[in-house]
Amino acid sequence: MNFDEAEKRVKELHELLNRYGYEYYVLDQPSVPDSEYDRFMQELISLEEAFPELKTPYSPTQRIGGEVLEGFSKVEHSIPMQSLANAFNEGDLRDFDRRVRQSFEENVDVTYVCELKIDGLAVSLKYEKGKFVQGSTRGDGFIGEDITANLRTVKSIPLQLKEDITIEVRGEVFMPKKSFFALNKQREEMGEDLFANPRNAAAGSLRQLDPKIAAKRNLDIYLYAIGENEGKTLQTHSDGLDYLDSLGLKTNKERRLCKGIDEVMDYIAYWQEKRPDLPYEIDGIVIKVNRYDQQTRLGATAKSPRWAIAYKFPAEEVVTKLLEIELN
Ligand SMILES: NC(=O)c1cnc(OC2CCCC2)nc1N
């Protein structure tokens, strides 16, 4: 095979492997057996060995970096990553809804987007012309740490978007419950300290200086906000999440548009009940005003947006928590 044929085949394999990876890790609906994916990956590795100039940082073979980092450099968030104010009961939620509605002329309808509050680590992902170029932790909301090498190992984070646009997105990296229990079982057998919960396990994994360790931790992600966006102009948060889906980014499908606070209450009651059946941990529900123009009107305090609030589930009884761990 000459260089031109190899170049053409490498491009085909990038597209195939990115598509199969997306189906498997983002949609959870693989269209081919793992053996076919592995065969194409092996073919790409061989071609990159035979033609090194065809190996690019965006190749699916390059998810797991080589070197162990000395440390993490700092990253400034051009748009601060805000934190959420908390609500602990129905009264807090109705107060929030009243404050929102009173900020507008009488009887304007406010639609909310309700999302599961993933209990993980908030991160920012930057894509330039469709390529994943930088990932960072939230840090203090203004300055975070560059953990690009570790985030590249998260299989549900695409190295290449379906559109060649420049966009910054935010989301939560988490460790599924099953992976958490398996990791702690392994650490127990090795006489190592156990992680207290999946959130700590995810945070500890992303703090590893060696990407090969992060790569073994089965981390996953749900994106839930857009920062800088040179792509499509959007009117609502719900459209924003659908846009992220269209780019090949992973969003949580349990989100729901709620017309008014009573529907929000129904959604919360449903998930308070169904929460133990989820394959990942959530610590509450995030409620956001859907229309971006209404979000802008509401603005933010020094720390948190006035157009969103986190309803926190009451801390579970330790007994049920331990039982849950045993039963899973
Ligand atoms: N842990 C979560 O699942 C989560 C956290 N934060 C947000 O939204 C913040 C981001 C921008 C202002 C509100 N949404 C979420 N789903």
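**View 1. The shell around the ligand, by residue class.** By class, this shell holds 7 nonpolar, no polar and 4 charged residues, where Ala, Val, Leu, Ile, Met, Phe, Trp, Tyr, Cys and Pro count as nonpolar, Asp, Glu, Lys and Arg as charged, and the others, Gly among them, as polar. The model is a predicted one, in which local features need pLDDT of at least 70 and side-chain atom pairs count only at pLDDT 80 or more, while totals for chains, interfaces and linings use all residues. Residues are numbered from 1 along each chain as its sequence is written, and side-chain values use heavy atoms, with hydrogens and water left out. Among the residues around the ligand are Leu-84, Tyr-224, Pro-305 and Trp-307, a residue being near if one of its heavy atoms lies within 4 Å of the molecule.

View 2. A ligand nitrogen is 2.9 Å from an N or O atom in the side chain of Glu-115, and a ligand oxygen is 2.8 Å from a polar backbone atom of Ile-118. Lys-288 places a polar side-chain atom 3.0 Å from a nitrogen atom of the ligand. The protein buries 90% of the 390 Å² that the ligand exposes when taken alone, with accessible areas from the Shrake-Rupley method and a 1.4 Å probe.

**View 3. Strands at the ligand and in the sheet.** The elements that give two or more residues to the shell are β3 (111–118) and β10 (282–289), strands being DSSP runs (E, at least two residues) numbered from the N terminus. β3 gives the most, with 4 residues. An open sheet of 5 strands runs in the order β2-β11-β10-β3-β9 with mixed pairing, two strands pairing if DSSP finds at least two bridges between them. β2 (86–87) and β9 (256–259) stand at the edges with a single partner strand each, so one side of each lacks a neighbour in the sheet.

Definitions and conventions. A polar contact is a pair of N or O atoms within 3.5 Å; within protein, one must be able to donate a hydrogen and the other to accept it, and residues adjacent in sequence count only if both atoms are side-chain atoms.
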